[in-house]
Amino acid sequence: MDKKAAAEVRKQLTREHCAIDRITGAFVDEDGSVIADLKETFNALQDEELEKYCEIFKKVLSGKFGRNLFNMSFPLNEEETGGKQWEMYRVLQSNLDSPEIAKEFLTKIQESYNQAGRHLILLAHGTYDIPGRASDGTEMEDASDYVYSFILCAICPVVEVKEGLCYDAENMTFINKRSDLGVQLPSLGFLFPAYNDRTPDIHEVLYYAKKEDERHEELIDGIIGSSVEIPEGEKAQRELFTQVVEETLGRSCDFENVKAVNENLNEMIKQDADAGGEDAGDAPLELGKTELRRVLEKSGAPQEAMAHFEEHYDEIIGEGKTLSAENIAAGSSIQIKSPSIKIQVKSEMASLITTKRIDGQEFICIPVQEDIELNGVRLLTTKLGDGTEDPDEVPFDEEPKAELHLHLNG
C-alpha cells in the first residue's frame, strides 16, 4: 500500500460515510485477563460514540510509511490451512458474525501482545464498494468493479482519567468528577487485506505502530508469522545509509561531499514528485544499489572510493534491498552538529554554507543575513545602515580545506 491507498480507505471511516458495519473487542486487565467482551452493531451506536470509534480506526491508517505504517507479506507457509493468513482470512469471511471465530482470534492477539497495563483490543469489519474509474481518472460512483471487505484491528491503552472539578452544564456548577478509565488512541493496529492497486490483496497486511521503535515484533510473529520479513524503519534506514556513505567515502567524507549527497537526494525526490503528476509522492521512491551509486558519484565521490561501494552496500544494507529516499534524505532542513554545537539550516540555504581554514583551524561559515536574533534579541550585523561595510571588519584569508570532524545529518 502507499499513501494514496491508505487515504482512500481512511476516507471510508467517517461518521457520514462509514464502511464499518460491526465491531467486537476485548478489554484486558494489567495481568492479561479479559475483563469484558465487546460486541456492537456499528450503525446502532450513538453519533458521539460512532465518531470516537472512527477516530480510533482512522489512526491505524495514519502516519508515515517507514515510520508508522509498514507493508508486510505473509510467509508462504502461513498461507496454508491452519496458518496465520488462513486464520485471518477466516475472520474476514465470518464478517464478525461468529462469536467463536472472533473470540479465538482476539485471544490470539491477546496472547501474542506482550505489554503491561490495561488495553482494549478492537476488531472491526467493513465493506467498501470501490468506485470504477473513467479513462480520464475520474471516479464513477455508480460503477463498482470490486467490493473491498476488510478487518481493522486497533490496540488501545486504557488509562486512569484523573479526578478533578468538572463543569456540570445541567446544574450550572462545578462538581468533583471521580477517577475513571479512558481509552487512548491506538499504539498498534493492522488492516487486512491490504489495498493494493485499488483491489484487495490477501497476501499482505498493513501494520501500524505509533512509535517506530515499539512495533512489538512478538505481535507480528503471532498474527503474521515468525519468519516474516519486517521492513526497516525510518531511523534504521537512515543509520544504514549513513554507514554506507561513511564506509564508502572514507577520507573523502568531507563537508562538501556530504552536503552534495543531501542536495542530490532532495533533487531526486522533487523530480520524482514532479514526474508523478497528481499521484506524486504516493508510492515512495526506493533507492537500490544502482541509484545510490549514481547519487554518490554525482556528489563528487572519487573513483577510488567507489571501488568498494558494492561490497559495502551488500554487507551493510543487504543484496537486493532498497532504501526509501524520503527516509534517508535531509528533508526541509539539514543539521550540523558537534559534541557542543548544533546548527539547523533550511535545505535551500545549504549552498551558502562553506568551510574555511583560519589560523590553522577549520570553520563552517554561514553568511549573516538580516533579522538575526540571539535568544530573542535582535542583533546588528557588520553592514551599516547605508549598506556600506563596517571599516572595522577584517576579512579572513582563505586557505585549502582540511578535514572536518562535524557530522551533517548524523
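**Entry 1**

I began with R10, which lies in helix 1. I noted at the outset that this is a predicted model. I looked up the accessibility of R10 and found 25%, so R10 counts as partly exposed. I then compared sequence and space for R10 and S62: the two residues are 52 apart in sequence, yet their C-alpha atoms are 8.0 Å apart.

The side chain of E8 forms a salt bridge with that of R198, with 3.0 Å from N to O. E8 belongs to helix 1, while R198 sits in the loop between strand 10 and strand 11 (199-201). The pair links distant parts of the chain, 190 residues apart. Are E8 and R198 buried or exposed? I found that both are buried.

**Entry 2. Further salt bridges**

How many salt bridges does the structure have? The count comes to 15.

I looked next at R118 and D29, whose side chains meet in a salt bridge at 3.9 Å from N to O. R118 is in the loop between helix 4 and strand 4 (119-133), and D29 is in the loop between strand 1 and strand 2 (34-41), so this bridge ties together parts that lie 89 residues apart in sequence. R118 has a relative accessible area of 24% and is therefore partly exposed.

I then examined K259 and E256, which also form a salt bridge; their closest N and O atoms are 3.4 Å apart. Both residues belong to helix 7 (residues 255-275), and because they are 3 residues apart there, about one helical turn separates them.

**Entry 3. Cysteines**

How many disulfides does the structure hold? I found 0. For C54 I looked up the nearest cysteine sulfur, which is that of C18, 3.8 Å away. C54 is in no disulfide, because the two sulfur atoms would have to be within 2.5 Å to count as one. As a reminder to myself, a disulfide is a covalent bond that joins the sulfur atoms of two cysteines.

C54 has a relative accessible area of 3%, so C54 is buried. C253, with 26%, counts as partly exposed.

**Entry 4. Surface patches**

Which residues make up the patch of negative charge on the surface? I list E16, D47, E48 and E49, which gather there. I located E16 in the loop between helix 1 (3-10) and strand 1 (20-28). E16 has a relative accessible area of 57% and is therefore exposed.

I recorded a nonpolar surface patch too. V368, I372, L374, V377 and L379 form this patch, which covers about 440 Å². One of these residues, V377, is placed in strand 20 (residues 377-378).

**Entry 5. Backbone details**

I looked up the peptide bond between F192 and P193 and found that it is cis, with omega at about -10 degrees. P193 lies in the loop between strand 9 (188-192) and strand 10 (194-196).

I then turned to positive phi values in residues other than glycine. N95 has a phi near 60 degrees, which is such a value. N95 is found in the loop that runs between helix 3 (84-94) and helix 4 (99-112). Its relative accessibility is 33%, so N95 counts as partly exposed.

D359 also has a positive phi, near 50 degrees, and is likewise a residue other than glycine. Where is D359? I placed D359 in the loop between strand 17 (354-358) and strand 18 (361-365). At 77% relative accessibility, D359 counts as exposed, since the cut-off for that word is over 50%.

Notes:
Residues are numbered from 1 along each chain as its sequence is written. This is a predicted model: local features need pLDDT of at least 70, side-chain atom pairs count only at pLDDT 80 or more; totals for chains, interfaces and linings use all residues. Side-chain values use heavy atoms; hydrogens and water are left out. Patches are made of residues with over 30% relative accessible area and no salt bridge: like charges are joined within 9 Å, nonpolar side chains (Val, Leu, Ile, Met, Phe, Trp, Tyr) within 5 Å. Accessible areas come from the Shrake-Rupley method with a 1.4 Å probe; for residues, only the protein chains shown count as cover. A salt bridge is a side-chain nitrogen of Lys or Arg within 4 Å of a carboxyl oxygen of Asp or Glu. Lys and Arg count as positive and Asp and Glu as negative; His and the chain ends are not counted. The place of a charge is taken as NZ of Lys, CZ of Arg, CG of Asp or CD of Glu. Helices (H or I, at least four residues) and strands (E, at least two) are DSSP runs, numbered from the N terminus. Buried means under 20% relative accessible area, exposed over 50%, partly exposed in between (1.4 Å probe, protein chains only).
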